[in-house]
Protein chains: 4
Amino acid sequence: MIALEQAQKMIDVALETGASAGWKPLSAVVLDGGGHVLAFARADGAAPGRFEIARAKAYGAVMLGMGGKAQMARAEAQGYFMAAVNGIYGGQTCPVPGGVLIRDNDGLVIGAMGVTGDTSENDAEAALAGIAAAGLTGES
Amino acid sequence: MIALEQAQKMIDVALETGASAGWKPLSAVVLDGGGHVLAFARADGAAPGRFEIARAKAYGAVMLGMGGKAQMARAEAQGYFMAAVNGIYGGQTCPVPGGVLIRDNDGLVIGAMGVTGDTSENDAEAALAGIAAAGLTGES
Amino acid sequence: MIALEQAQKMIDVALETGASAGWKPLSAVVLDGGGHVLAFARADGAAPGRFEIARAKAYGAVMLGMGGKAQMARAEAQGYFMAAVNGIYGGQTCPVPGGVLIRDNDGLVIGAMGVTGDTSENDAEAALAGIAAAGLTGES
Amino acid sequence: MIALEQAQKMIDVALETGASAGWKPLSAVVLDGGGHVLAFARADGAAPGRFEIARAKAYGAVMLGMGGKAQMARAEAQGYFMAAVNGIYGGQTCPVPGGVLIRDNDGLVIGAMGVTGDTSENDAEAALAGIAAAGLTGES
């Protein structure tokens, strides 16, 4: 299980990663292993709808056991499949980088992080930095 | 914040822009910075479902912080992403021109206008005319 | 059918009725005979969620062919029935005064008005004033 | 507008209020004036579904412009009205204490806080403590 202190560390580091690189303001969420929200923050200046995008990136990752990059590869190969997945999970998935699985030291998936606001690649990089700072392993 | 008087001015000018150009009857909505409806009007002769299209154009713009043209470019490049966004926001987005961000004199997004009824390009032109008439800046 | 000019007259008079009486800021919608939005306005200072309340008052009136007062009487007598109605129409009904049927000179229902913001009784009074000003007959 | 730093201060103080009093673990959200999520945290040991409860308490407050205590009074007097409101807002409201309006120094509503986990009365007390610590005024 992810402690709240760890989740907040991940989010702080993800947002700082973007701010120090001069990216657009980021928003970041951490979900537990059941896809439920542990913590979230939206940087000043980000658009109001960023929570839903961040959560969808992370939710699809947890529910499918696939990071955003693997989901995007599947969407490029079989768009109708990922469209169906979006409907199956009530519209709460987003198959692009920035949804990152969180694994513990035994390799078990214990949650996911979702980051949004800049390019999808940069979003994923910020998530990986946050997860590493909390002593865990990300799969983007 | 957008005053009701400003929102009604935007809508009046948008509908007049279409009428004087001989376009099909337009419908126009103004949303506040949180995506909530301030004012709406549907010109005589427009189809009954126009409110939902107008609002979706404007709602996606506010929630993502992107005008309809930028959303359409993203949809053309990565259709599965904008399809997922539609699901994420409960089906309430429409990635084509006619959804226009409203910025104040400091450049902050304070709402969005959505116009529908003629071609998407003309819809966007009518919205820009309305926003300018209210002394604000549109980003289509 | 209700012309846009009539719908806007109804809304202007309803909002002025509240403003001149010193009531809380009102929001008002006019729906056509199919329950679809013709026009709406939210007075400055009203809470952001007022469009949905106004529309639900009017939508339930049109869809059931019952004004808000008759709906409220039914809700007081049989709460489970009006709760089921709310679910049946996708959550888009509100069984209190302020939803007012609009009848033409032959007595036919051609739409409904929904007003919200002050007490339900005052909301209904403002709607009736607006409908009368447009030369039509309201049933609250 | 509420800055992220203020929102995080509100949440930290709300969770500490509960922890130092020996209450059950709390979860707390801060929404902006449009009902969109700014920040959230769920204390270790809280049930997985707490985000949705916290957000619903705060969302109903923002959308209606009424704190949780006023909503509960209305629900006790007219249960069918608050049941309808829940449907109108897509199931995203919760009419009990713990949803607290956030007002700025001019008295304007700029958002809402939602706290859940212990009794509704204690939830509201924790929210008020958090809002006060951020230099703003809560209406529970």
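Which residues does B:Q92 touch, not counting residues up to four places away in sequence? In this predicted model, B:Q92 touches B:R55, B:A56, B:Y59, B:G60 and B:N86. The residue itself is found in the loop between α4 (79-88) and β3 (99-103) of chain B. With a relative accessible area of 28%, B:Q92 is partly exposed.

Let me turn to the salt bridges. Side chains of opposite charge can pair when their charged atoms come close. Over all chains, the count comes to 20 salt bridges. In chain B, the side chains of B:K57 and B:D123 meet in a salt bridge, with 3.0 Å from N to O. B:K57 lies in helix α2 (residues 50-64) and B:D123 in helix α5 (residues 120-133), so this pair ties together parts that are 66 residues apart in sequence. B:K57 counts as buried at 3% relative accessibility, and B:D123 counts as buried at 1%.

In chain D, D:D123 and D:K57 also form a salt bridge, again with 3.0 Å from N to O. Here D:D123 belongs to helix α5 and D:K57 to helix α2 of chain D, 66 residues apart. D:D123 is buried at 1% relative accessibility, and D:K57 is buried at 3%.

A further salt bridge joins A:R55 and D:E52, whose closest N and O atoms are 3.6 Å apart. This pair crosses between chains, from helix α2 of chain A to helix α2 of chain D. A:R55 counts as buried, at 12% relative accessibility, whereas D:E52 counts as partly exposed, at 33%.

How are chains A and D related? A rotation of 180° with 0.1 Å of shift along its axis superposes chain A on chain D, with an RMSD of 0.1 Å. The two copies are therefore related as by a two-fold rotation axis. Of the residues of chain A, A:F40 comes closest to that axis, at 2.5 Å for its C-alpha. Because 100% of the interface residues of chain A are also interface residues in chain D, the copies meet through the same surface.

Finally, I consider chains C and D. Their contact takes 19 residues from chain C and 15 residues from chain D. The area buried between them is about 1200 Å², of which carbon and sulfur atoms give 66%. Across this interface there are 0 salt bridges, but 5 residue pairs are in polar contact.

How values were computed
Residues numbered from 1 in each chain as written. Chains lettered and ligands numbered in written order. Predicted model: local features only at pLDDT ≥ 70, side-chain atom pairs only at ≥ 80, totals over all residues. Heavy atoms only, no water. Helix = DSSP H or I, 4+ residues; strand = E, 2+ residues; numbered from the N terminus. Buried < 20%, exposed > 50% of the residue type's maximum accessible area, 1.4 Å probe, protein only. Contact = heavy atoms within 4.5 Å. Least-squares fit on C-alpha atoms with pLDDT ≥ 70 in both. Buried area = accessible area lost by both parts, 1.4 Å probe. Salt bridge = Lys/Arg side-chain N within 4 Å of Asp/Glu carboxyl O. Polar contact = N/O pair within 3.5 Å; in protein donor to acceptor, adjacent residues only side chain to side chain.
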